[in-house]
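Subject: Structure handover

Hi,

Here is the structure I promised to pass on. My notes follow below it.

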Amino acid sequence: MPRLFTGLEIPTDVGFALSLKRGGLSGARWIDPENYHITLRFIGDVDGQTADEVADSLDRLSNSMRFEVRLTHLGTFGGDKPRALYAGVDPSEALTRLQAAQERVLQRAGLPAEGRKFVPHVTLARLRGAGAEEVARFIADAGRFEPLSFPVGRFVLYSSKDSVGGGPYVVEQSYPLAA
């Protein structure tokens, strides 16, 4: 059964700029730049028929408009026990609309509702055993985060192996957005 999710690809130049943040944080398992992405909707492990229905359902969203994404800061998930370091995305109405439209379409296809709030981000590292103070110091030492912007001309349906996370991810299908 494939493990599926939808997302936005990160252009190579933006991925390179993000990769320069790597290193110097104990307990970090750094994500390879070619696996950087912004998850729109985690779908999970599905059978072949459901995977086909998901792919067909997402086709209906190709009339969504293109937009720009802007990465603006470093952050963490996990509070006092940080579990991930990420590059945060500036709030965007177009991005929120696309994600909400995917949620509606996938629920109509029979998938359960996503239980977590949508927080767009690019995971840079998974953390194990790193303390909140150490991570805060790392973010402070990383210096000013120069915003990184890029145009979004499509979203993709990714598959991944059942693993600890971090890839490799395979683009199963792409969905161009309207100009």
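Are glutamate 103 and arginine 41 buried or exposed? Both are buried. Please keep in mind that this is a predicted model.

Salt bridges
The structure holds seven salt bridges. Glutamate 103 and arginine 41 form one of them, with their closest N and O atoms 2.5 Å apart. Glutamate 103 sits in helix H3 (residues 93-108) and arginine 41 in strand S3, so this pair ties together parts that are 62 residues apart in sequence.

Aspartate 90 pairs with arginine 70, and here the closest N and O atoms are 3.5 Å apart. Aspartate 90 is in the loop between strand S5 (84-89) and H3, while arginine 70 is in strand S4 (residues 67-77), so the bridge links parts 20 residues apart in sequence. Aspartate 90 is partly exposed, at 31% relative accessibility. Arginine 70 is partly exposed too, at 38%.

Glutamate 146 and arginine 144 also meet through their side chains, at 2.2 Å from N to O. Glutamate 146 is partly exposed at 48%. Arginine 144 is exposed at 65%.

Helix H1
H1 covers residues 12-19, and its buried residues include Val14, Gly15, Leu18 and Ser19. These cover an arc of only 140° around the axis, which puts them on the same side of H1. The face turned away from that buried side carries exposed Thr12, Asp13 and Phe16.

Surface charge
Asp47, Asp52, Glu53, Asp56 and Asp59 gather in a negatively charged surface patch. Aspartate 47 lies in the loop between strand S3 (37-45) and helix H2 (48-58). Aspartate 47 is partly exposed, with a relative accessible area of 37%.

Best wishes

Key. Residues numbered from 1 in each chain as written. Predicted model: local features only at pLDDT ≥ 70, side-chain atom pairs only at ≥ 80, totals over all residues. Heavy atoms only, no water. Patch = residues over 30% accessible without salt bridge, like charges linked within 9 Å, V, L, I, M, F, W, Y side chains within 5 Å. Areas by Shrake-Rupley, 256 points an atom, 1.4 Å probe, with all protein chains shown as cover. Salt bridge = Lys/Arg side-chain N within 4 Å of Asp/Glu carboxyl O. Lys, Arg positive; Asp, Glu negative; His and termini not counted. Charge placed at Lys NZ, Arg CZ, Asp CG, Glu CD. Helix = DSSP H or I, 4+ residues; strand = E, 2+ residues; numbered from the N terminus. Buried < 20%, exposed > 50% of the residue type's maximum accessible area, 1.4 Å probe, protein only. Arc of directions from axis to C-beta.
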